[in-house]
Amino acid sequence: TWTNVPAGPPDPILGLQADQDQRKINLGVGAYRDGDGKPYVLNSVKKAEEILRASNPDKEYLPITGLPEFTKNATKLAYGVDSAPFKANAIASTQSISGTGALRIGGAFLGRFYPHSKVIYLPVPSWGNHTPIFRDSGLEVRGYRYFDKKTVGLDFEGLKEDLQKAPERSIVLLHACAHNPTGVDPTRAQWKEISDIVKEKKLFPFFDMAYQGFASGLTDRDAFAVRLFVSEGHQIALAQSFAKNMGLYGERAGAFSLTSADTEEKSRVESQLKIVIRPMYSNPPLHGARIANTILSRPELYAEWEAEVKGMADRIISMRERLYNELTKTHKTPGEWGHIKSQIGMFSFTGLTAPQTKSLAERAHIYMTADGRISMAGLNGNNIDYFAESVSRSVKG
Ligand code: PMP
């Protein structure tokens, strides 16, 4: 029956599982690791789980759109209590199977109901799953320039030109903060210019916010772009994930929301979100949403969580500093490495070429994606010297 089924492509981070060398470093995976290279369960999460256990909760089904207090608190975190649609009770929202599920629900909803276009523009490059998510949602995927290989920074002129050339009312996907895979974000002034172009061209902004808190600060800074767009009067779509900022990866806690004109429109939109979701998976998982909601709704836990997210972000920043110093000062590695320090969030686009990443895997047991992206969170005091020395050797050839 399945003789015509072709084998899918192999795992992109080849050889990783088989390699048992002591020096092995895995910088391919986008999950936070602590200073000892171990997965990290936040204290605030452990405390929330204790509170939940003590309340002896049932395991009933959630509604199709999930735990209502959770979605309310999730949107509050992103939009802020002072945002107009939050105050007006005009944000249509649903719990989702983490960020991926939020993007997929959003893609499916826009594919079905956005009346003006079926075209979505993604930054080039973008998270590898964006293209299949939106293609499988029935949208046509196109790209806008984002990353400049020469400067290892934002191609802002290219970005503006491409958005200006896009057909009016197209959908445009924006990474809210800590762009994956490049670690390059627009400045505040650049966000304002992007907002102006989006307005002028009547584009529909869809924000992917998978790293709130991982760039530089939970609300004021990492929510800046989302809040700016909303305050500028844009209607937006938003995908949120609590995988990274609460370390809830496998719990699949996320939310999708759309700002609406008023409460009546919001209710209509939510009724259709339910119709999109019901045949996909009926209703979302309980536990992660309960954990996230417990943290978001209790001031002492929220404060502890905020400090823990900052702790993760700060450890990553300290690894950036140290890697930069090792590469430039200790090993005098040829080339410009300032981007290691200036890039934002969990990832760094190192500028290493595909042959260099291949040789690092084969000769040094160091694994990253073939585009030269590393997860800074995979580096720690025990492996960073070896990593810098190996990179330097591979660059010197
Ligand atoms: N968007 C981006 C940009 C991401 O990097 C990720 C995770 N790698 C996601 C969305 C979705 O992650 P999750 O489904 O685990 O929340």
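**Helix crossing, domains and ligand shell**

Me: Which way do H4 and H9 cross, left-handed or right-handed?
Reply: This is a predicted model, where local features need pLDDT of at least 70, side-chain atom pairs count only at pLDDT 80 or more, and totals for chains, interfaces and linings use all residues. Residues are numbered from 1 along each chain as its sequence is written. A crossing is left-handed if the near helix is turned anticlockwise from the far one by less than a right angle, and right-handed if clockwise. For H4 and H9 the crossing is right-handed.

Me: At roughly what angle do the axes of H4 and H9 cross?
Reply: Helices (H or I, at least four residues) and strands (E, at least two) are DSSP runs, numbered from the N terminus. Axes are lines fitted to C-alpha atoms, for helices over the stretch in contact, with angles from 0 to 180 degrees between N-to-C directions. The axes of H4 (residues 98–113) and H9 (residues 263–281) come within 10 Å, and they cross at roughly 115°.

Me: How many residues of the contact of H4 with H9 are nonpolar?
Reply: Contact here means C-beta atoms, placed from the backbone, within 7 Å. H4 brings Ile-105, Ala-108, Phe-109, Arg-112 and Phe-113, while H9 brings Gln-272, Leu-273, Val-276 and Ile-277. Ala, Val, Leu, Ile, Met, Phe, Trp, Tyr, Cys and Pro count as nonpolar, Asp, Glu, Lys and Arg as charged, and the others, Gly among them, as polar. One residue of this contact is polar and one charged, and the nonpolar ones number seven.

Me: How far apart are the centres of domain 1 and domain 2?
Reply: The bounds come from an automatic or database domain assignment. That gives domain 1 as 25–40 + 310–396 and domain 2 as 61–297. Taken over C-alpha atoms, the separation of the two centres is 28 Å.

Me: Which helix gives the most to the shell around the ligand?
Reply: The ligand is surrounded by 13 residues, the closest being Ser-98, Gly-99, Thr-100, Ala-210 and Ser-241. By class, that shell has four nonpolar, eight polar and one charged. Three residues of the shell come from the top contributor, H4.

Me: What is omega for the cis bond joining Asn-180 and Pro-181?
Reply: Most peptide bonds are trans. Pro-181 sits in the loop between strand E7 (171–175) and helix H7 (188–200). The cis bond from Asn-180 to Pro-181 has an omega of about 15°.

Definitions and conventions
Contact = placed C-beta atoms within 7 Å. Near = placed C-beta within 6 Å.
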